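Try each task before you read its solution.

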Amino acid sequence: MTALTHILSKVKLQVTDKEHTHSHVEAKPYSNPYYVGFGLGLVLLAAFVIMGRGLGASGAVSSVVTVGVNAVAPEHAQNNGYFSSYIGDGSVSPLKDWLVFEVLGVIFGGFLSGMLAGRVKGGVEKGPRVKTRTRFIFAFIGGTLMGFGAKLARGCTSGQALTGGALLGLGSWAFMLAVFAGGYALAYFMRRQWT
Amino acid sequence: MNAPFYKFDLFGFDVSLIIAFVIGIGFGFALERGGFGSARILAAQFYFTNMRVLKVMFTAIVTAMIGVFYLSYIGYLDLSLIFISDTYIIPQVVGGLILGMGFIIGGYCPGTSFVAFSTGKKDAIVFILGVTFGIFIFAELFPFIEDFYYSTNMGRVTLPDFFGLSYGMVVFLVVLMALGAFAAAEWGERVMAKKGESK
């Protein structure tokens, strides 16, 4: 009898152990940045060798915006010098675009990596001193500046800094230095949001 | 010369879209592994407490740069067939400054916001809406800023062209600069960690 209760308690212990690990999946720590950078560099190199072009991100959003505006106000979109460059002659949808498919891959790849490491958790990224509402307002303002700046610079951190940086483009390196300068210039005023 | 494959018509446009998706998976996977799905980690770059952004970015740039240099040196990759965007120096610097400010205010850049979105971060969704809005504003204002947008065009100019150095020399100098930046980043993180402890 005592042997049986002993076994039972052991089984019970194991079950609670299992439950414990299931309900508190610890997010694995992020990988060594130099290894990640090497891997990212190989992905970029593969894009150069296979496609003859680098990576990007903001261009995909431009395609989506173009399709949206073209659906609501087609005449307006086609008369606009910027939208019309994305519409082309109208025979191919702006969504049938290399960057659009690449970004779909980015979302899938990010999700895959997050799943494998127990990091798909939702939530809001912010420091402890600001409310979620404040964070959302800043996220929107920052995103707006980011979209505008990326269009003016002809690419974002992916298309200009990373891709153009590896190809030693002059404009890309000037852009990269400007990005860090802009970030560091405002960092002090933004510290409440992050620290 | 065998590469870039696409430029040598080894496959067509439809296949290139599948390749785009696969390359995107690698890109997104690497960004998430690096911690770039977290706005706090990205922002930490600007407070010197976590220099992962610099480390990952410069390692990636150096890796791809050396790869491109080597493959074109042995005659496998035709560098002239790789797309390099023309330099419009003033609009690009101004755009970079605006983008950098957007980075520290919003916490992401477009690529990293997609990764953050894929791991469920709600602020990333708001940020992506902001990017969409910013691009919309840019396009609507385009007739007024068109002249500035196309100003100071320097063409397809690279650092070797600009400084009158050989390609290999610039590659070597960038590697040296990256190693210096890594050393400074490791040192900076240690200093900031000590500062944090003493608080």
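Helices here are DSSP runs of H or I with at least four residues, and strands are E runs of at least two, numbered from the N terminus. Keep in mind that this is a predicted model.

**Exercise 1.** Work out how many helices and strands chain A has.

Solution. Counting the runs gives 10 helices and zero strands for chain A. Read from the N terminus, the order is therefore α-α-α-α-α-α-α-α-α-α. Of the 195 residues in chain A, 53% are buried.

**Exercise 2.** Decide how helix α7 of chain A and helix α4 of chain B are oriented to each other.

Solution. Start with the geometry: α7(A), residues 132–153, packs against α4(B), residues 89–106, at an angle of about 160 degrees, and the axes are 7 Å apart. Next, apply the cut-off: angles over 145 degrees count as roughly antiparallel. The two helices are therefore roughly antiparallel to each other. Finally, their crossing is left-handed.

**Exercise 3.** Find which residues make this contact, and sort them into nonpolar, polar and charged.

Solution. On the α7(A) side, the residues include Phe138(A), Ile141(A), Gly142(A), Gly143(A) and Leu145(A). On the α4(B) side, among them are Val94(B), Gly95(B), Gly96(B), Ile98(B) and Leu99(B). Sorting the contact residues gives 16 nonpolar, eight polar and no charged.

**Exercise 4.** Find which element of chain B has the highest mean pLDDT.

Solution. Chain B averages a pLDDT of 94, and 99% of its residues score at least 70. Among its elements, α4(B) has the highest mean, 97, while helix α8 of chain B (residues 167–198) has the lowest, 92. For the complex, the predictor gives an ipTM of 0.95 and a pTM of 0.90.

Conventions: Residues numbered from 1 in each chain as written. Chains lettered and ligands numbered in written order. Predicted model: local features only at pLDDT ≥ 70, side-chain atom pairs only at ≥ 80, totals over all residues. Axes fitted to C-alpha atoms, helices over the stretch in contact; angles between N-to-C directions. Parallel < 35°, antiparallel > 145°, perpendicular 65-115°, else oblique. Left-handed = near helix turned anticlockwise from the far one by under 90°. Contact = placed C-beta atoms within 7 Å. Nonpolar A, V, L, I, M, F, W, Y, C, P; charged D, E, K, R; others polar. Buried ≥ 20, exposed ≤ 12 C-beta atoms within 10 Å, placed from the backbone. pLDDT = per-residue confidence, 0-100.
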